[in-house]
Amino acid sequence: MSQNKVGAVMIVGAGIAGIQSALDLAESGYLVHLVEESSAIGGTMPMLDKTFPTNDCSMCILSPKLVECGRHLNIRIYTNSQVIKTEGEAGNFKVTIKQQPRFVDVDKCTGCGSCAEVCPVKVDDEFNQGIGKRKAIFKQYSQAFPNAYAIDPQKCLFQTMGKAKGKDICKKCLKACQAGAINHDMEAKEIELEVGSVILNPGFKVFDASSLEYYGYGKIKSVVTSLEFERLLSASGPFDGHLVRPFDQKEPQRIAWIQCVGSRNAKVNKNYCSGVCCMYAIKEAVIAKEHSHIPVDTTIFFMDMRTPGKDFEKYYNNAKDKQGVRFIRSRIYEVTEAEDGSGDSIIRYSNEDGQISTEQFDLVVLSVGLEPGESSKALAQTLDLKVNKFGFAELEPLTGVNTSREGIFAAGAFSGPRDIPETVMQASAAAGAASALLSQERGTLVSEKEYPAEKEVAGDVIRTGVFICHCGVNIGSVVNVPEVVEYAKTLPTVVMATEKIYACSQDAQASMKELIEEYKLNRIVVSSCSPRTHEPLFQETLKEAGLNAHLFDMANIRDQCSWVHMNEPEKATEKAKDLTRLAIVRASMQQPVQPVFMEMNHDALVVGGGVAGMTSALSLADQGFVVHLVEKAPELGGIAKRFSTGFRGEDIKAFLAGLIERVSSHPKITLHVGKEIQDVGGFLGNFTTTLNDGEQIRHGVAVIAIGGQEYQPKEYLYGQDPRVMTQIQMDEALVRHDDLVTKAQNFVFIQCVGSRCEESPYCSRTCCTKSVKLALKVKAKNPTANVFVLYRDMRTYSYFEEDYELARRSGILFVRYSENDKPVVNKEGATLVVTVKDHVLDRPIEIEADVICLAAAIKAPEDGKKLSKWFKVPLNNEGFFLEAHMKLRPVDFSTDGVFMAGIAHSPKNMEEVISQAKAAAGRAGVALSKEQVESAGLTAFVNKRKCTACGTCEAVCSAKAVSVDLENRVAVVNDALCKGCGACASSCRCGAINLRGCTNEQIVEMLNFF
Amino acid sequence: MFMEDRQVNVSDTDNKAYQPKIAAFLCNWCSYAGADLAGVSRFQYPATIRTIRVPCSGRINPLYLLKAMANGADGVLVSGCHPGDCHYISGNYVARRKFALIKSLLKHVGLEEDRVSFSWVSAAEGVRFSEVVKGVTERVAALGPNNSVFKVKDGGGTDE
């Protein structure tokens, strides 16, 4: 490792992973070079319509991050660029990138689109998956950053024909561009950058379905891929979100999804599960029903339904039981075109019992799998990284993010198929790992953002600007946006009102700034989505325009209007008008508020001394922070102490011993083992935790990593016969060569014991793989053993599919049972007999078992409730901690300064636990690296002349921020302590105490305009 | 948590000619977030409420309820975090004390009790939020338009 470390990181690939890593690192004091192959950042997420399991609009949740990333002072973005060379070692790499010419000056281009209007060349639009056309000069999508066009040199007439001959062919764009941004003479350039670490997130491409002829893709027009279907659903798609067949614009009534196209298929070297397709197919089916004007029948043809992620099972159950999505367990033979001239497709398939059927559909969607793109493979080669046989990067075992080269980390689908939360987790983990590597150089290369001087508005005439957002079709398809705009124009103080397709996009922000200047606006109102997610973004724009961030209000006409009144457009429009009016009244009475800065305690508390807690603690300590690790058990290790081997054959005992050793000897880690927490108080930057021995720990952030527990089965004679054991017990028995297992001949594994049932409607995620691993272990020791696995769906996602295949080839028998017809275990004399109904044979079979291994569920931690109260963080219905956002904030709580990792969040395997633990440490490190805690300053204030010093405010204040100055007979507010709840203001009998940003006068005036 | 109990058809109140207008004071951390979750999950409810976001239910001055009524609201909904879950530790208890008093005051002056509702909705309770709005709407709709002692033509003037 280099001694001359550089406080900068290169991130290759600017999809959601790259953006998350970039923001984390830039926010924690490192300069980021973000390198992207295409002409805009965003990756695959902008192409998606909605995201599972929350059905959030993909663009809506991504857009604030695009904007934040795009305008971050310490993130340098290189589009159209690729890495061509690296030299050096961890801590100090020299990376050369090659930037292809864009032929458009990004600084001059305003994104107006005049060039594309005149461009005569139409080509297939890759962003829309080839449905629809774009021009040779194009912008990938409307919210793209940079908000600038780019010329496709392979398609442009001048570039392809004129340039070489020196003739002025076409060049229409040049004349159309008023900004003078187009330059056809730009040339490729090489840029050399010095960085301390590299993070790779080049993403994936989808499987080319035309290579499997029997699906008919490319020949039958009514067969599309799932990504094409996303574009059909999307408001920004080729049909503006109107769900029609691309070739005849007919609204489909019967839509089918075919799963595992290019996944779980050894014949095309894709013997892995892509992990995301089951969920996206369910989502697409549900959204199709929601989207279409006519009733839609949806059918999903699948082998195993794999929904092992957090809250995925509930989503599946809902689709099945309440939304009427039809699920058919089947094998597909072929898809052919209907001969009735309808353009429909006919699917021929066999049911589980071997019966062959055919069915006709208006549209067939192929759930295509994920595979490494060409550029991912090239990148791995350029950087000389180990790859697996599928071409994905191979990560070092039990590191979560380390590639085979020190100082180079990976996140997202580069190392295997992954969904968005896992990708974001890995991205934060990679950022944390890079930060740990370069901690001495933190802050050496970054600069601070400077805002223009704040305009004085006191005494000025109020001039309000109003922006009403369509949010694609999310608002616009229900609320009559133009009508709301016209209405807003009639209201007092409003000097301009306009509509935006996406108010949160980069170009909308730019236009907002211009309009503030043009109309001399001093109050801004945005009617769009929730202020809880988007207020900071708009406030940043105000600051950049020289306005105080609080001269602003939002009306929530999406989450609380168009989405909940989908069938009542007129009433929704009326409500949108009312909400906009109320926001205008409130904004017109807003006064500038200055932020308050408070001291930051830079120490961290980690709760839980298992693999997750120890990994988080180590990562934070390596990032340079003092860490207190609290574990209530008498020793470190957690549940992992009972494991022998990992899912990739790792020696867990050795790994754990090493981890404990490193944690115990780290100079920055203080262990509090055998101690329990008694109380927690405070907030980001200033927590105080009291242990049961009375010790008080002061810390700035906390990571909750308290693990979970193994379900103690009540079923299948567990606890009544020693031959019935859980997976962990069986693992232990195998390790100690217990006669119970070494002398046994017939093994029966029963899956989903305490999972996927009414009391616990979630999948425990790890048990299918664990059973397969244990079964293989048994079979390896005793090849003549009879091994049965009784399952509902085999959920061996990702590369675990290979183990599943190996198990079947080794003669392990897999018998499916259904939820309503569970296996029965009886004791006949001394013999254990398992009875299960076989779906293929359609009759019950009896197995005499020597060992019955139960895949006992992973349950939520028992201390969850206590910690939930102390840290004021939520739990979900099953008792697992609930993150701030399921997709994009998978380790954050909505309470600032508190993070989570490991099983306490949801069941997952050890590799995933480690990745999440590093992510939590990465995110916690971002918070700790701030010099001070900034709070908005929305605190209480006292009108001394009205105050009678009665002390009511002091009595109701739970933050102990208000006290009565007995000498001057007046209440005084401590801004650092005041949390801004306003209980004092509503309790004051004299109206002397009030709350900034939410004054009595504002609310009363809103009610006067009710 | 997400999609269960989704109702595509809005409750039957929307078929009646009269639809009340209800002022909804929602605390930022629980109930407003719960309302957002109802939106994300597409739980449909009647378009009767007009939300006023406040940091905490403890912020709500009893005066606001009277002002809302005076300005033509047919009902008022106040919703905060569940007892014990307040982001500000005890603001919702402050609110609870106040509302116990204001409720008895409103009853005393002859206002129908059902015009004013209090509820607890957490950030994770999208379904509950839509149920609460449905319930409040039905109760207020049953009472008909607000012609009470409080409704004043000009809203009774401004405070201060």
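Two strands are said to pair if DSSP finds at least two bridges between them. With that in mind, this tour of a predicted model begins at a sheet in chain A.

Stop 1: Within the pair, A:F683 has A:N686 of strand 33 as its bridge partner.

**Stop 2: a hairpin.** Select strand 19 (residues 345-351) and strand 20 (residues 356-361) of chain A, an antiparallel pair held over 6 bridges. A:R348 lies opposite A:T358 of strand 20. There are 4 residues between the strands of this hairpin, where A:G354 adopts a positive phi near 95°.

**Stop 3: helix 1 of chain A.** Select residues 16-27. The end C-alpha atoms of this helix are 16 Å apart, in agreement with the 16 Å that its 12 residues should span at 1.5 Å a residue. Just after the helix, A:G29 has a positive phi of about 100°.

**Stop 4: the nonpolar cores.** Select A:I282, A:A430, A:V607, A:V703, A:I704, A:A705 and A:I852, the residues with the most contacts inside the largest nonpolar core, which has 356 residues. Centre the view on A:I852. Beyond its neighbours within four places in sequence, A:I852 is in contact with A:Y716, A:R723, A:V724, A:V748, A:I750, A:V825, A:L832 and A:V834. A second, separate core has 19 residues, including A:V104, A:A150, A:C156 and A:C170.

**Stop 5: where the chains meet.** Display both chains. Contacts link 50 residues of chain B with 55 residues of chain A. On chain B, select helix 1 (31-40), strand 2 (49-54), helix 2 (62-70) and helix 3 (91-108), each of which supplies at least two residues of the side that touches chain A. Which element gives the most to this side? Helix 1 of chain B does, with 7 residues. Coloured by class, the side of chain B that touches chain A shows 26 nonpolar, 14 polar and 10 charged residues.

Terms used:
Residues are numbered from 1 along each chain as its sequence is written. Chains are lettered from A and ligands numbered from 1 in the order in which they are written. This is a predicted model: local features need pLDDT of at least 70, side-chain atom pairs count only at pLDDT 80 or more; totals for chains, interfaces and linings use all residues. Two residues are in contact if their C-beta atoms, placed from the backbone, lie within 7 Å. Ala, Val, Leu, Ile, Met, Phe, Trp, Tyr, Cys and Pro count as nonpolar, Asp, Glu, Lys and Arg as charged, and the others, Gly among them, as polar. A nonpolar core is a set of buried Ala, Val, Leu, Ile, Met, Phe, Trp, Tyr and Cys residues joined through C-beta atoms within 7 Å. A residue is buried if 20 or more other C-beta atoms lie within 10 Å of its own, exposed if 12 or fewer, and partly exposed in between; C-beta atoms are placed from the backbone. The expected span of a helix is 1.5 Å times one less than its number of residues.
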